[in-house]
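The following exercises concern the structure shown below.

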Amino acid sequence: AVVEHLDILSSARPINDLITDPETSPLLKERLTKARELLGFAHEELSLPNNGSYNHYLDLNRSAVVWNVYSVPALSMEPRNWCFVFAGCVPYRGYFSIEEAESFAKFRKLQGDDVFIAGAAAYSTLGWFKDPILNTFIYGSDVGLARLLFHELAHQVLYVKNNSTFNESFAVTVELEGVRRWLESSGDVMGKKSWDKYLQRRSDFLELMNSTKNELIDIYNTDLTENEKLAKKTQKLLKLRHNFEKKKLQWDGGSEYDFWFETPLSNATFAPISTYSSMVERMQEFLELHDRSLPVFYSKLI
């Protein structure tokens, strides 16, 4: 991981150089300019670190920077954890190669676990290094770019070892608050309407997933035989897929959650969702309690 990351850092080019370089495509110039604008907003309006991160760019020539493998026992909703020197214990293993991720996932599946592989567009080095902008996320929508930059910079504000749910829920809370403020400041009425629709889809999706997760936990805690539990698990996951398709019919567009249903559903599907969402509502209430002051929010949690 260290070798791969140092290779990324050494290969990245300064954004300012790329914007002025006549060889840079107009689209990339536009996206880098937008990223620079969003970073200014993050530093000035969200009190997020201004330490040189995201001032360089690199095209990795792949769709993700890392692939995270989640491994969960077949009759449990508790993901397995792996521990590392700097990051502490986390509920996944990350690989810079999709082949290595798939190999590890195959191994865990042979051990009887449910597995799920999620490609990540970015990761944070928590301020130890100046993280670059990557092709894996620069070409998305303006809101998508804002979300990612605000999220990753939030990790540089606060990171608690051995508590991924706290860390990711904190970063998501900052991300959501940051996008709300950025859209309001820009006066983008259509963007705000689109964002509100996304938030409704997000709420619907989390309600579906959390409801099914709780039902599965109830099944696993019964005195049924292992085979009976596995049979009921299959039924619940089939019902979840059906309910998702029904819910999509009520949405006015939006395919951001299709990804979760493109592979067979399993206990491992729920692991990243729980990690990134379990504490967000409580953190948003805590932020509201402090008059939505992000500096106070940060200081109280630190």
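**Exercise 1. Determine whether Cys89 is buried, exposed or partly exposed, and describe the bond that this residue forms.**

Solution. Cys89 has 21% relative accessibility and therefore counts as partly exposed. The classes are as follows: buried is under 20% relative accessible area, exposed is over 50%, and partly exposed lies in between, with a 1.4 Å probe and protein chains only.

The model is predicted: local features need pLDDT of at least 70, side-chain atom pairs count only at pLDDT 80 or more, and totals for chains, interfaces and linings use all residues. Residues are numbered from 1 along each chain as its sequence is written, and side-chain values use heavy atoms, with hydrogens and water left out.

Next, consider the partner. Cys89 is joined to Cys83 by a disulfide, with an S to S distance of 1.9 Å; the criterion is a pair of cysteine sulfur atoms within 2.5 Å. Cys83, at 52% relative accessibility, counts as exposed. The link of Cys83 and Cys89 is right-handed, with 95 degrees about the S-S bond. Finally, the structure holds one disulfide.

**Exercise 2. State how α8 and α9 are arranged, and which residues meet.**

Solution. Begin with α9, which covers residues 226–248 and has 23 residues. Helices are DSSP runs of H or I with at least four residues, strands are runs of E with at least two, and both are numbered from the N terminus. The buried residues of α9 are Lys229, Lys233, Leu237, Leu240, Phe244 and Lys247. These buried residues pack against β7 (113–120), α8 (189–220) and α10 (267–277), where contact means heavy atoms within 4.5 Å.

Then take the geometry. α8 and α9 pack at an angle of about 170 degrees, and their axes are 10 Å apart. α8 is therefore roughly antiparallel to α9, a class for angles over 145 degrees.

Lastly, examine the contact. Residues of α8, including Phe205, Leu208 and Leu216, meet residues of α9, including Leu237, Leu240 and Phe244. By class, this contact of α8 with α9 has nine nonpolar, two polar and seven charged residues. Ala, Val, Leu, Ile, Met, Phe, Trp, Tyr, Cys and Pro count as nonpolar, Asp, Glu, Lys and Arg as charged, and the others, Gly among them, as polar.

**Exercise 3. Locate Asn61 and state its phi.**

Solution. Asn61 is in the loop between β2 (56–58) and β3 (66–73). Its phi is positive, about 60 degrees, although Asn61 is not a glycine. At 69% relative accessibility, Asn61 counts as exposed.

Notes:
Expected span 1.5 Å × (residues − 1). Axes fitted to C-alpha atoms, helices over the stretch in contact; angles between N-to-C directions. Parallel < 35°, antiparallel > 145°, perpendicular 65-115°, else oblique.
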